[in-house]
Amino acid sequence: MSSLKDEIKELENNIAELKDFSKEKNIDFSSQISELEKQLEEKYKNFEENDMDAWARIQISRNPQRPYTLDYINELSQDFVELHGDRLSKDDHAIVGGLSTTVDGHKIMIIGHQKGRDIDSNIYRNFGMASPEGYRKALRLMRMAERFKLPILTLIDTAGAYPGIEAEEKGQGEAIAKNLAEMFGLKVPIVSVVIGEGGSGGALGIGVADSVLMLENSVYSVISPEGCASILFNDASKAPEAAKNLKMDAISLKNLGIIDGIIKEPLGGAHRDFEKTVENLRMAVSEEFKKIDKFSIEELLERRYEKFRKMGEFFE
């Protein structure tokens, strides 16, 4: 017996195939496609109401059609100037960043993880997993933003920092630790948004902010559910159970006080209505910067420190 999730996937495949066939043969199937899309919309509503657990949101966060950092940058800004290199070694393509006029017309520095869409681009972007050079590039751009008194927006979307031997040899841990330390002292407003996967120190390396937001179907955790299941249960197939226990979805993290807000997504995920998602993100980020602007630099730094310092507090 097929699950609702399977039915949704089958409908999505049917719609995609019908669209391709219509284009290839130049035959109008718009009415049939519209009917299938209505059915899909209804199934998404039922799915979100009854079956939307942490594991389901993880699958949406990993959807290859989901918008990535450069997709958001290109919609948020018409004059983005990408800046390259860490001035020490090389340019890491898993981290992109640069200057832009965006978010209510203000000058801003945007930095984020970037994944690829196919094998070649994923190899080029190292699947969005940054090396030390990427985090050092990010820090260089953050220091530049501080020098010119520009607010910083970071977009988080990575399974984690690159775990290869070469990255460790070049100081992966030190690079991330330095970013954490220096971000606490940057004298400009910082807003971070988890737009897909937020994995471990690789995410936190650009995630120390005055306000941390998450898209509704994004996830944020110290470890992947597969990694957690392998360690705790010695069985990666128990990842759905691990995902539930990790409380890595936006609603759980908001209740725990780890994040400050949730950005609404269209039914089925950001990729199903990118324009609406961008507008929701634009409004949420703009609102957060307005809140932050009310504080002096001294208050800002104190609030930022206390925000992260109190995470993990418990009583015996």
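This is a predicted model: local features need pLDDT of at least 70, side-chain atom pairs count only at pLDDT 80 or more; totals for chains, interfaces and linings use all residues.
Trainee: Is K294 buried or exposed?
Mentor: Look in the loop between α13 (274–292) and α14 (297–309), where K294 has its place; helices here are DSSP runs (H or I, at least four residues), strands are runs of E of at least two, and both are numbered from the N terminus. Buried means under 20% relative accessible area, exposed over 50%, and partly exposed in between, with a 1.4 Å probe and protein chains only. K294 has 69% relative accessibility, so K294 counts as exposed.

Trainee: How many residues of helix α3 are buried?
Mentor: Helix α3 covers residues 54–61 and is mostly covered. Among its buried residues are W55, R57 and I60. The count of buried residues in α3 is 7 of 8.

Trainee: Which helix holds R143, the salt-bridge partner of E182?
Mentor: A salt bridge is a side-chain nitrogen of Lys or Arg within 4 Å of a carboxyl oxygen of Asp or Glu, and E182 and R143 meet at 2.6 Å, N to O. E182 lies in helix α8 (residues 172–183), so the pair ties together parts that are 39 residues apart in sequence, with R143 in helix α6 (residues 132–147).

Trainee: Why are K291 and E288 separated by about one helical turn?
Mentor: K291 forms a salt bridge with E288, the closest N and O atoms being 3.4 Å apart. An α-helix has 3.6 residues a turn, so residues three or four places apart point the same way. K291 and E288 are about one turn apart because, in helix α13, their separation is 3 residues.

Trainee: Which element gives the most to the lining of the second largest pocket?
Mentor: On a 1 Å grid over the protein atoms alone, a pocket is an open set of points with protein on both sides within 12 Å along at least five of seven lines, a cavity is a set where a 1.4 Å probe fits but cannot get out, and lining residues have an atom within 4 Å of a point. About 410 Å³ of space lies in this pocket, and of its 17 lining residues the closest to the centre include Y220, S221 and M311. Elements giving two or more residues are α9 (200–204) and β7 (219–221). The most, 3 residues, comes from α9.

Trainee: Which element gives the largest share of the lining of the largest cavity?
Mentor: The space in this cavity is about 80 Å³, and E197 and G199 are among the residues closest to its centre. Two or more lining residues come from each of β5 (190–199) and β7. The largest share, 3 residues, belongs to β5.

Notes: Residues are numbered from 1 along each chain as its sequence is written. Side-chain values use heavy atoms; hydrogens and water are left out. Grid points are joined across faces, edges and corners, and a volume is the space filled by probe spheres set on the points.
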